[in-house]
Amino acid sequence: MFSPAIRSTLSTLTALCSFLAFIALFCWAEYSNWGTQVSRVEVSLEQTAEAVAQHADDVIEMSHLPLASLIAEINDDVGHPDLATKIKALITRQMKASPTLDTLSYIDADGQMIATSSNDPPAGMNYADREYFTFHKTNPLPLPVVGRPIMSRLSKIWVIPITQKVTLEDGSFSGVVVSTIRVNHFINFFRNFDVGSDGTFLLVRGDGILLVRGPAQESTFGMNISSSQLFSLYLKRQTVGAYHYTSPIDATDRVGGFYQSERTGIVVLASAAEREVLLNWVETARPRWIYASVLVAVTLMAALLWQRQTRLRRESEALVAAREAEFRLLAESSSDVISRYDENGLREYVSPSSTVILGIEPERLIGKSVFAGMPEETAVIVKQAAERLKTGSMQEKLVTPYVKPNGEEVWLETALSKLPATRDHPATRVVAITRDVSRQKKMQDELDTLAHTDELTRLANRRFFNIRFEESMQRALDIAAPLSLLMIDADRFKLFNDTYGHAAGDECLRQIAAVIRDCVRRPGDVAARYGGEELSILLADTDAGQAAQVAEAIRSKVEALGLPHVHNAPMSRVTVSIGVASFDPQAAAPMTAQALFAQADEALYSAKSVGRNRVVSAGPQS
C-alpha cells in the first residue's frame, strides 16, 4: 500500500493529467469545429460558383439566338433596299424576347452601324476599331464569341459583347452582329448569395480574360489572369473545388470556391474574406468558450475538494457528482438540445432547449421512449443508427424532418455519441445533440433546384436528366425492371418561331411542358428539356405498352391545346411527334442507356418522317 503522501501526490497528478487532457480535448474539438466551418464555407462557395456559372451559361447561350436570326435575315435580304428597316424590325422583336440583352446591333463590313436596338445611336460612329470587329474580319471562325468587357458607345455603360461574323453565301465578309449583356446583370445576380459583406466573385473567360468582378472594379475588366494559381494549378486538376489565396486585386486573404462550365468554358470564382469567416466562427464559438471556462473552473474546484477528501469512496462520489454537474451545466447552457438515452431508448435527461427547438418542455420528455410519436420513415432511420452504435460505431449523425406540436415543420440535425460502458451502466447509453438546421436545408434545396431545373419550362435540365438516365438504367438492370424513354419534338418549331416570334415560341414550350407535367406525376419519373424544342421523359417500371399510352395522352393533349401554327400542315396547330423505346428485362441481350436513347431517337425520327403528330414505338430488342 502507498503511503498517504504518495496517494496525495498520485491524486494531484491524476487531477492535473485530467485537466490537461480536458484542455487538449477541448482545443482539438475547437480545431475540428473550425475545420468543419471552413469546409462548410468552401462547399457553399463551390455551390455559389456553380449557380452563377450556370446562370451565365444560360444568359450567354440565350444571347446567341438573336445573332443567328439576324444573320439569317441578312443573308435572305442581302441587297434589298429596305434591309436596314427589316433588320431594325427583327431587332425590336428579338429584344422583346431577350430581357437580359442590353443592345442588339448589326455593323456592316465597313464598320458602319446599319441597325441597332438603341433609341439614340451616335450619328456617323464607325466601329471598325473595335477588337471584336477586327477579330471577325480577319478570322474565319463562324461561331459566336464572348468578347472583353467594353464601355458601350450606345448605352454608355460597361457591357460584355457577344459577337458573330456575318458571312454571305458567296463567302464574303458582310460585317458583325453584336448582342451585349450588362456587366451589372451578373453583379446583381451574385448579390442574391450570402458570402459575407466582403465577399467577391469573378466571371472569367476560359482563356483567363476577366469579364466581371463583383463588387464592380472597372480597372479589372478585361484583365488577363491566366497566370494566376486558379488557372495554372487548380483548374488543371479539376473543374470544381476550393482553395485559399491572397487576392492580387485587394491584397485580402480569401477562401474561394471555383467552377468551370463544360458548356461555355466560363469560370466563376466566388470568395469570402478569411478574416470575416474567422470572425463569424469566433462569434458562434464564444459561448462555448465561456461555458468551457466555467467548466474548467468547476473542474478545478472539484479537484481541490476531491484532494481534501480522506477516503477513496467519498472522493469517487465527489468526482461523479462533479462530472454530472459539469454535464448539466454544459447542456443547460447550450442552445442545442442535449439528451441522454438508456439502452432501451428511454430519455434519462433532456436540456431546457427542447422547449424552443422541439416545442416540448423537458419534463414531458424524460422517461419516455425516443420512438414515441415518431413517423415510421424517421423511426427506421433512427433504429438503423441505434443498431450501428450497438455494433461498434461510436458516433452517428442524422438529418430528419420534425413537426412541432403547433404544426410547424422543421429539419433537425442530431449527432449521436455512444457513452463508454461503466460498472453501473454496462449497456449502451447514448448522448444526442440536436439542432435546428431548417434554414441550411432550405438553402441547400434551393441551390439544388436552381442547378437541376430548366428556367423556361420548369422541367429538369439536360444535365440532371443525363445523371438520372444512367442511374435509372442501372437500377432497371439490377432489379430486372422495365424502363421506357420518350423523346418529344415540337413539329416544325423553327417555322413557328419564324412566324410568331421567339416570345411566342417560349410560351408554346411552356404550355407543352405543362401538359407533360400533368401526364407525368409519379415520383420515380423524370421529365426534362433536352435541348431547344426537344423534350424527354423517363418512365420507371413502365413497359412499352404503358409508355405508348402515356405518349399518346401527351400527344392528344398538346393537339387539344389548339395553339395556331399555320405552317404545320395539315393540322394548322401546334403538335408534337413522340418516339418511344423501352427496355425489356426479359430480353436475352443486355441494354445500355446509349442504346435505349438511340432507339427512342430513331423512333422520333420515324414519327416525323411519316407525317408528324404521332407516336412511334421502337421495335423489339434483338
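Q: In this predicted model, where axes are lines fitted to C-alpha atoms, for helices over the stretch in contact, and angles run from 0 to 180 degrees between N-to-C directions, at roughly what angle do helix α14 and helix α15 cross?
A: Helix α14 covers residues 502-519 and helix α15 covers residues 544-560. Their axes come within 10 Å, and the crossing of α14 and α15 is right-handed. Angles over 145 degrees count as roughly antiparallel, whereas this pair is oblique because of its crossing angle, which is roughly 140°.

Q: Are α13 and α14 oblique or roughly perpendicular to each other?
A: The axes of helix α13, residues 493-500, and of α14 come within 7 Å and cross at roughly 135°. The roughly perpendicular class runs from 65 to 115 degrees, and the roughly antiparallel one begins over 145. The relation of α13 to α14 is therefore oblique.

Q: How many of the residues in the contact of α13 with α14 are polar?
A: From α13 the contact takes Phe493, Phe496, Asn497 and Tyr500, and from α14 it takes His502, Ala504, Gly505, Cys508 and Leu509. Gly is counted among the polar residues, and the contact holds six nonpolar and no charged residues. The number of polar residues is three.

Q: Which residues of α16 make the contact with α12?
A: Helix α12, residues 462-479, and helix α16, residues 593-609, have axes that come within 10 Å and cross at roughly 110°, and they are therefore roughly perpendicular to each other. The contact residues divide into five nonpolar, one polar and one charged. Phe469, Glu470 and Met473 of α12 face, on the α16 side, Ala593, Gln594, Leu596 and Phe597.

Q: Why is strand β17 largely enclosed by the rest of the structure?
A: Leu483, Leu485, Met487 and Asp489 point one way from β17, while Ser484, Leu486, Ile488 and Ala490 point the other way, and all are buried. A residue counts as buried under 20% relative accessible area. Strand β17, residues 483-490, is largely enclosed because the buried residues number eight of the eight.

Q: Which strands stand at the edges of the open sheet of five strands?
A: The order of this sheet is β8-β7-β11-β10-β9, with antiparallel pairing, and its neighbouring strands are turned by 20° against each other on average, direction ignored. A strand with a single partner has one side left without a neighbour in the sheet, so the edges are formed by β8 (210-214) and β9 (240-246).

Q: In β8, which residue is the bridge partner of valine 204?
A: Strand β7, residues 200-204, pairs with β8 in the antiparallel sense over four bridges. In β8, the partner of valine 204 is leucine 210.

Methods:
Residues are numbered from 1 along each chain as its sequence is written. This is a predicted model: local features need pLDDT of at least 70, side-chain atom pairs count only at pLDDT 80 or more; totals for chains, interfaces and linings use all residues. Side-chain values use heavy atoms; hydrogens and water are left out. Helices (H or I, at least four residues) and strands (E, at least two) are DSSP runs, numbered from the N terminus. Angles under 35 degrees count as roughly parallel, over 145 as roughly antiparallel, 65 to 115 as roughly perpendicular and the rest as oblique. A crossing is left-handed if the near helix is turned anticlockwise from the far one by less than a right angle, and right-handed if clockwise. Buried means under 20% relative accessible area, exposed over 50%, partly exposed in between (1.4 Å probe, protein chains only). Two strands pair if DSSP finds at least two bridges between them. Contact means heavy atoms within 4.5 Å.
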